[in-house]
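Colleague: I'm new to this one. Can you walk me through it?

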Amino acid sequence: MLPQLAKSFVMAMLYMSRPLPVADLDTWVRPGSRREQDTAIDLLERLQILKRTAEPNKPRAYVLTNPFAASLRQALTGGGNHNSFGVPSRTPAEDQVTTAQLDDFARRQWEGVLGYMVGSTGIGLNDEGANLSLSVKHLLKYGRLVEVRGKSVDITQDGFAFVLQEVNAQVWTILILYLENAEELGMDRVDVLSFLFMLGSLELGQGYSKANLTETQLQMLLDLGDFGIIYQSSPDSNSYYPTRLATTLTSDAGALRSATAGFETALRSSNDDKGFVVVETNYRIYAYTSSPLQIAILSLFTRLSTRYPNMVSGKMTRESVRRAINMGITGDQIIDFLYTHAHPQMRKNANFLPPTVVDQIRLWQIEGERMKSTVGFLFKDFLSAAEYEGPCQYASDIGVLKWKNDAKRMFFVTRHEHVAAYLKSQKEKRREGG
């Protein structure tokens, strides 16, 4: 989802007949919010929603791209026969699917996907769990969320970060991966993108007709059904139902840290599920849960020893944590998981995670790390100190500067687009002044 400032830019410019000068756009944002402004503009340009115009004898300006602007105006006003919000089906009352059934289906499928990633199928998922198709498994592999070695499936660092995300972010990650691999799957990318935009506007519990869908979108129904985003009673049915995973895509609701917690919050709107993990100073862990998914996540970095109907216990050891780190999981991700799922009794203390445990996890990680690499770009060979200081300070202001050496007049950034644009604008100003 776009940040709020980027949304404001898009809506303000949507019905403008002329390009908006850069100077006018700058007046919309407070002087202290330059970094947020640059981030929003950069994101809109990378998504090809916004572009710069440069006409002779006219100031630089921004304009929304087409067909994005025209399509958004059409979707908002409801013109044409594009069916941007789906076509409700006339399903007989006895054949309608209840919200409870949709929630159960979505929960089972989505936790099945997460369970496959962390390998929980071997420790308790029964025959009633999700049946994952080859396309789902291939998508997780292509997205580098898992690594497949023969019959073994191991979660990656990106995969563990994915598991820790809120549900909406997880679903968006999957949909973006699906879009990126659309052509490899033999699908029309425009049809895929159109259907993804439509998903967030559908109503939970309402059936929608498949009559107006393209071949690509009909195939999407099958694939998204494997993730629990779409429900069909059978592939030959004339209608489909969006689940809660689809209808909350554009929601600004609070973070839902797991599929189970997310559904429970959505269904009961209660604060009962506040955490289940107790960590002691001797590295022992007690987890009050019966969820195979949560138990599987714990087993990634804990040596589990005892399991009861509603609790498991174990101990974090150097070997178990190092095993997780060798899979690509970082120490900070392990700490974040323990922090997020800490039991209410632990939260009564100011520092409810024992400092000795936190420090030891980081030390175990440091044992195998002596160097950390960062992907980025090096700027050097500046002719004067004045020429160097301007872009270096600008990179620092927008938060992309990682390293600098004033003596050698060089600096390193994580993103180069804005810095390159700044250097180009400075060059144009010097040319105009000369």
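Predicted model: local features only at pLDDT ≥ 70, side-chain atom pairs only at ≥ 80, totals over all residues.

Colleague: Start with helix H15. How many of its residues are buried?

Modeller: 7 of its 10 residues, so helix H15 (331-340) is mostly covered. Buried means under 20% relative accessible area, exposed over 50%, partly exposed in between (1.4 Å probe, protein chains only). Helices (H or I, at least four residues) and strands (E, at least two) are DSSP runs, numbered from the N terminus.

Colleague: Which elements do the buried residues of H15 pack against?

Modeller: Among them are helix H7 (157-164), strand S9 (277-279) and helix H16 (355-366). Contact means heavy atoms within 4.5 Å. The buried residues include Ile-334, Phe-337 and Leu-338.

Colleague: Now sheets. What is the order of the one with S13?

Modeller: S13-S15-S14, an open sheet with antiparallel pairing. Two strands pair if DSSP finds at least two bridges between them. S13 (377-379) and S14 (401-405) are at the edges with a single partner strand each, so one side of each has no neighbour in the sheet.

Colleague: How many bridges join S13 and S15?

Modeller: S13 and S15 (410-413) pair over 3 bridges. Leu-378 has Phe-412 as its bridge partner in S15.

Colleague: And the sheet with S1?

Modeller: That open sheet runs S1-S3-S2, again antiparallel. Its edge strands are S1 (20-21) and S2 (50-53). Helix H1 (4-13) packs on the sheet, touching S1, S2 and S3.

Colleague: Switching to charges. How many salt bridges are found in the whole structure?

Modeller: The search finds 12. A salt bridge is a side-chain nitrogen of Lys or Arg within 4 Å of a carboxyl oxygen of Asp or Glu.

Colleague: Which residue does Asp-397 pair with?

Modeller: Arg-34, with the closest N and O atoms 4.0 Å apart. Asp-397 lies in helix H17 (385-397) and Arg-34 in helix H3 (34-46), 363 residues apart. Asp-397 is partly exposed, at 34% relative accessibility.

Colleague: Which residues are linked in a network of salt bridges?

Modeller: Asp-42, Arg-46, Arg-415 and Glu-417. Arg-415 and Glu-417 meet at 3.0 Å, N to O.

How values were computed:
Residues numbered from 1 in each chain as written. Heavy atoms only, no water. Axes fitted to C-alpha atoms, helices over the stretch in contact; angles between N-to-C directions.
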